[in-house]
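Trainee: I would like to learn how to read the fold of a model from its contacts and its core. Could you take me through one?

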Amino acid sequence: MKANELVNQVKSLPMVSQTALNLVAMLDKPEVDNDDVVAAVKYDSVLTAKLLRACNSSYLGLKQPVASMEQAVLVLGHSQILRLVLSLTFGGTMSAPLPGYAAEAQELWRHSLTVAFAAEALARSELRISYSPSVAFTAGLLHDIGKLVFSQVLTEERQTEIRAQISRNQLARIEAERQVLGTDHSEVGARLLENWRVPEEIVEAVANHHQPVCEPEIKLSAVIHVADCLAHLVGSTLGWDDYAIRVSTRVNDLLGIDRKTLETLLIALQGQAVNIERFMNLT
Ligand SMILES: [Fe+2]
Ligand SMILES: [Fe+2]
C-alpha cells in the first residue's frame with residue numbers, strides 16, 4: 001500500500017484551517033513581522049475568536065485582557081501566537097481516542113505536545129542545533145500525525161494484524177506497520193503535510209523521526225528523534241541507560257548529549273508538565 005493512497009482516504013482529518021497552515025508556512029521566512037502574523041489570522045473569524053479567548057484565559061495570566069489580534073501579537077509575540085494557533089488547530093483532532101493505537105483519549109495529543117516542548121527546549125539549548133525554536137516546536141507537534149491517518153483509514157482487521165505482529169514477532173510498531181501496510185506512520189504523516197504545503201524541513205523531520213538524518217548536516221529529524229526519546233522517558237524512567245537504548249548513538253554523539261545534559265533536559269521537560277496540561281485544556 002502506498003502512503004499517498006492512505007492519505008487520500010482521509011476524509012475528516014484535514015479539519016485544519018488554511019490560516020493555521022499559512023502561519024506554519026511563514027515559519028521558514030525570517031523576514032516575517034507582526035503585521036504579517038496579524039494579517040494571516042485576522043480574516044479567520046472563528047480562529048480569531050478562539051485565539052482571543054485563549055489569550056485571555058488564566059493560562060497566560062495577562063494583566064490586561066487583549067481585545068484584538070494586533071494587541072495579542074504585540075503582547076505575546078509570534079512564537080506564542082503560533083503555539084496557540086497550532087494547539088487550537090490540532091488539539092481537537094489529536095485528542096480523540098485512537099482505537100488502532102490502543103491509546104487513551106488525549107494520549108497522542110499529550111505526547112505530541114511533550115515532544116513539541118522538548119524539541120523547542122533542544123533548539124534553545126547550547127547543543128549544536130541550528131533550527132529555530134518555533135520550527136522545532138511545530139515539527140514536534142506534528143511528528144506522529146500519520147497515526148491519526150491510520151486510526152481513520154485502517155480497518156479493524158489491519159489494526160489487529162499490526163498488533164499481532166508486535167506481540168508475536170516482538171517488532172517495534174513502526175516495523176510492524178511496514179510489514180502489514182508496506183508503509184508507516186512517519187511516511188504517511190510526511191505525505192499529508194506535503195499535501196498541506198508545510199515547509200520542507202518540517203516534512204523531513206516527520207518523515208525521518210524514526211531514522212534520523214545527520215549527514216551531511218544534522219537535520220531536524222535528528223532533533224525530533226531526540227525529543228521523542230525524551231518524551232517517552234519522562235513518561236517512564238529517567239535513566240541514561242533507557243535513553244541510550246532509544247536514541248541513535250550517532251545523533252547523540254553529534255549533538256554532544258552526555259549524562260549531565262540529559263539530566264538537565266529531562267528535569268526541564270518534567271517542569272513543563274503543568275504547561276502541557278494547560279495547553280491541553282485550551283482546546
Ligand atoms: Fe513516531
Ligand atoms: Fe512519537
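Trainee: What percentage of the contacts in the chain with a separation of 6 or more do residues 24 or more positions apart account for?

Mentor: A word on provenance comes before the answer: this is a predicted model, in which local features need pLDDT of at least 70 and side-chain atom pairs count only at pLDDT 80 or more, whereas totals for chains, interfaces and linings use all residues. Residues are numbered from 1 along each chain as its sequence is written, and side-chain values use heavy atoms, with hydrogens and water left out. Contact means heavy atoms within 4.5 Å, and residues 24 or more positions apart account for 65% of those contacts.

Trainee: Which residues touch the most other members of the largest nonpolar core?

Mentor: In soluble globular proteins, nonpolar side chains tend to be buried together. A nonpolar core is a set of buried Ala, Val, Leu, Ile, Met, Phe, Trp, Tyr and Cys residues joined through side-chain atoms within 4.5 Å, where buried means under 20% relative accessible area, exposed over 50%, and partly exposed in between (1.4 Å probe, protein chains only). Here the largest core has 102 residues, and F90 and L230 touch the most other members. Beyond four places in sequence, F90 touches V16, W109, L141, L142, I145 and W196.

Trainee: Is W240 buried or partly exposed?

Mentor: W240 has a relative accessible area of 22%, so it is partly exposed. Setting aside neighbours within four places in sequence, W240 is in contact with N252, I257, D258, R259 and L262. The C-alpha atoms of W240 and R259 are separated by 6.2 Å, although these residues lie 19 residues apart along the chain.

Methods
Chains lettered and ligands numbered in written order.
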